[in-house]
Amino acid sequence: MAVNLVNVEAVSKVYGTRALLDGVSLGVSEGDRIGVVGRNGDGKTTLIRMLAKLEDADGGRITHNGGLRLGVLTQHDSLDPAATVRQEIIGDLADHEWAGTAKIRDVLNGLFGGLSLPGFEHGLETVIGPLSGGERRRIALAKLLIEEQDLLVLDEPTNHLDVEGIAWLAQHLQDRRSALVCVTHDRWFLDQVCTRMWDVQRGAVHEYEGGYSDYVFARAERERIAATEETKRQNLVRKELAWLRRGAPARTSKPRFRVEAANELIADVPPPRDTSELMKFANSRLGKTVFDLEDVTVQAGPKVLLQHLTWQLGPGDRVGLVGVNGAGKTSLLRALADAARTQGDAQPVAGKVVVGRTVKLAYLSQEVGELDPKLRVLEAVQRVRDRVDLGKGREMTAGQLCEQFGFTKEKQWTPVGDLSGGERRRLQILRLLMDEPNVLFLDEPTNDLDIETLTQLEDLLDGWPGSMIVISHDRFFIERTTDKVYALLGDRTLRNLPRGIDEYLERRQQMIEAATPAPAAAAPVKKKASGDARAAQKEMQKIERQLGKLSDKETKLHAQIAENATDFEKVALLDAELRELVAGRDELEMRWMELAEDA
C-alpha cells in the first residue's frame with residue numbers, strides 16, 4: 001500500500017472578505033502525479049504553498065510524513081545573486097564528480113542545451129545577479145532536479161522553457177520515482193506527466209483520475225449529469241473534448257470503451273473550424289496577397305538569423321512558428337510588421353517583403369503595452385471601438401467580448417492599474433481583436449493565461465477569418481489554433497513540418513545525435529509468441545464486456561445521485577458505492593492496458 005506523504009484536513013484560507021479555500025481535504029501519497037488547474041486567482045498557488053508549509057492556513061491542519069524530503073519550485077527563487085551558476089547547482093563537487101553523474105549531465109543538457117551552458121556568457125562561472133528572471137528560474141529548477149526528493153511541488157515549471165525543454169522535463173518527471181504536485185497551464189505537459197487532477201474552483205477542490213484529456217472528459221460528463229445552467233461553459237468544455245478526440249492525436253490513456261463514451265458525449269459538437277468557409281471569407285477580406293518574401297535576410301544586430309528566405313503567408317493561412325531560442329522567430333515577425341506598418345517602405349537588409357494592400361495587422365508582442373492605469377477595463381476596450389464584427393454574421397459588443405475573456409460585469413469597472421499580469425495580457429489580446437484586424441501575429445499569447453481563458457481564446461480564434469502566425473511554447477495551443485507548423489532550427493532556414501511539433505522534436509534530436517558519438521546498439525527485443533498474443537486478446541475482450549457493464553452501472557449511479565441531491569444520507573451511500581465501482585473499473589483498465597501491450 002502506498003505511503004501517505006501529506007495530509008490536508010479541512011483547510012481554509014481567507015484573503016480580505018473572500019474565502020479562497022473553504023474546508024478542503026486532500027492527500028498526497030507515494031507515486032501520485034497530481035496536476036493542479038483552475039482560474040487565475042482561485043487559489044492554486046496558495047494551495048500548494050500551504051501544502052509545502054510555506055504559508056499558514058487560517059483553519060484546518062496540514063501534516064507531513066516524518067522525514068519527508070520535499071523539493072519546492074516557487075514563482076520567486078531564493079538564489080544568491082552573488083553566487084555563480086556552478087555554486088548554486090553543483091556546489092563543491094569537483095568536475096570529474098559531477099560530470100561523471102548521469103543525473104547532473106541529463107539535467108544540464110535538458111535545461112541548458114549542454115554541459116557548458118552555451119546560452120550563458122561565462123558558462124558555469126556566470127554570476128547570477130544580472131541574469132533574467134527566466135534564466136534564474138531554469139537555474140532554480142536545475143538545482144532542484146539534481147537532488148533526491150520524496151515529493152516535488154512545482155509552480156509553473158514550464159515557464160521560460162522552449163518546446164524542447166518542456167518535452168525533456170516531461171520525460172524527466174515521468175522517469176523520477178518521487179511523487180509530484182504541479183501547477184501549470186500547459187495542457188500537453190499535464191497529459192504527459194499527471195495521473196490525477198485537482199481542479200480548484202470557488203473555494204473547493206474537485207479531484208479527477210487521469211491526465212488532462214481524461215479530466216476534460218470527466219468534467220464534461222459531470223456537468224452534463226448535473227444539468228447546470230452554465231450552458232456556454234458546458235459547450236466550451238465539450239468543444240475542447242471534441243478537439244481532443246478528433247482534432248489532435250488521441251492523448252487519453254484510457255482504453256477503447258472510454259473513448260467510445262467520450263465520442264458519444266460529443267456526437268452533436270461540430271468540428272472546431274470550418275476551414276473552407278473561413279478561407280473563403282479571408283480571401284474576401286485580404287485579396288490574393290498577404291506577405292510575400294523573396295530571398296530575404298533577417299538580422300538581429302550583426303547576427304544573421306535567416307538567409308535566402310522565400311516564403312508566402314497567404315489569405316487564411318494559420319501558421320505555428322517553433323524553434324530554438326535565438327533562431328529568429330520574433331525577429332521574423334518584427335521584420336514583417338515593420339514592412340506592414342510602413343506599407344512596404346521598411347525592408348530587411350537583403351531581399352524584399354511584399355505586403356498586400358488590404359493588410360490590417362494586429363501584433364501581440366511579448367511585452368505588455370502600457371495603458372493608462374486609471375482607465376476602467378471596459379473603457380480601455382471601448383477606446384478601440386464599441387462593437388466588433390467576428391465574421392459569419394457574428395457581432396459582439398465591447399462588454400460581451402469582455403465577458404467572454406473572463407472580465408465579469410463587476411470586473412469591467414476595475415482600474416487597469418489593479419489588474420494582475422495575466423489579466424493585463426487578456427486585456428491586450430481583447431483590444432487587438434476589437435480593432436478588427438485581418439492578420440494576427442501572436443508572440444507567446446499564452447503567457448500568464450489560465451486554462452479556462454485559453455479555451456475561451458481558442459474558441460474565439462476558431463471563427464476568426466484571417467491570416468495568423470503564432471509563436472508559442474504551448475504545443476497544445478499551437479496544435480489547437482493553427483493548421484501548419486514551420487520551424488527555425490538555427491541553420492538560417494525556415495522549414496515546413498507536415499507532422500508538426502513531433503517532427504520538430506525528432507529533427508532536433510537528430511541534430512543533437514549527429515553532434516555526439518553513436519551509442520552501442522541495443523540487443524534486439526524478442527517478440528511475444530503468437531499464442532500469448534491471442535490469449536491476451538481473448539482476455540481483453542472479456543474485460544471490455546465487464547467494463548461495458550460497469551459503465552452502465554456508473555451512469556445509473558450518477559443519475560441516482562442527481563435525483564437524490566437533497567437526501568445527503570442517500571447520496572453518501574450512493575457515493576460510497578460509486579467509489580468502489582470506480583476502483584474496480586480502474587483495476588480492470590490497468591489490466592486491459594497491460595494486455596494491450598502484450599497483444
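Both Arg196 and Asp32 are buried (buried meaning under 20% relative accessible area, exposed over 50% and partly exposed in between, with a 1.4 Å probe and protein chains only). The model is predicted, so that local features need pLDDT of at least 70 and side-chain atom pairs count only at pLDDT 80 or more, whereas totals for chains, interfaces and linings use all residues. Residues are numbered from 1 along each chain as its sequence is written, and side-chain values use heavy atoms, with hydrogens and water left out.

Arg196 and Asp32 form a salt bridge in which the closest N and O atoms are 2.8 Å apart (a salt bridge being a side-chain nitrogen of Lys or Arg within 4 Å of a carboxyl oxygen of Asp or Glu). Because Arg196 belongs to strand β8 (residues 196–201) and Asp32 to the loop between β2 (18–29) and β3 (33–38), the pair ties together parts that are 164 residues apart in sequence. Helices (H or I, at least four residues) and strands (E, at least two) are DSSP runs, numbered from the N terminus. In total, 27 salt bridges are present in the structure. Another of these joins Arg508 and Glu164, with 2.7 Å between the closest N and O atoms. Arg508 is located in helix α18 (residues 500–514) and Glu164 in helix α6 (residues 163–175), so this pair ties together parts that are 344 residues apart in sequence. Arg508 is buried at 16% relative accessibility, as is Glu164 at 18%. A salt bridge also connects Arg495 and Asp491 (2.6 Å, N to O); here Arg495 is partly exposed at 30%, and Asp491 is partly exposed at 32%. Arg187, Glu458, Asp462 and Arg480 are linked in a salt-bridge network.

The structure contains 7 aromatic pairs. Rings of Phe, Tyr and Trp (its six-membered ring) pair if their centres lie within 6.5 Å; planes under 30 degrees apart count as stacked, over 60 as edge-to-face and the rest as tilted. The Tyr212 and Tyr215 rings, with centres 5.6 Å apart and planes at 50 degrees, therefore form a tilted pair. Both residues occur in helix α8 (residues 212–226), 3 residues apart, and are separated by about one helical turn. Tyr212 and Tyr215 are both buried. The pair formed by Trp311 and Tyr486 is edge-to-face, at 5.4 Å centre to centre and 70 degrees between the planes. This pair links distant parts of the chain, with Trp311 in strand β11 (residues 303–313) and Tyr486 in strand β19 (residues 484–488), 175 residues apart. Trp311 is buried at 11% relative accessibility, and Tyr486 is buried at 11%. One aromatic cluster consists of Tyr208, Tyr212, Tyr215 and Phe476.

Strand β11 also takes part in an open sheet of 3 strands, ordered β11-β10-β13 with antiparallel pairing (two strands pair if DSSP finds at least two bridges between them). Its edge strands, β11 and β13 (350–355), each pair on one side only. The twist from one strand to the next averages 30 degrees; axes are lines fitted to C-alpha atoms, for helices over the stretch in contact, and angles run from 0 to 180 degrees between N-to-C directions. Strand β10 (residues 291–300) is joined to antiparallel β11 by 7 bridges, and Phe291 stands opposite Leu313 in β11. Helix α12 (residues 329–341) packs on the sheet and touches β10, β11 and β13, its direction making about 120 degrees with that of β10 (contact meaning heavy atoms within 4.5 Å).
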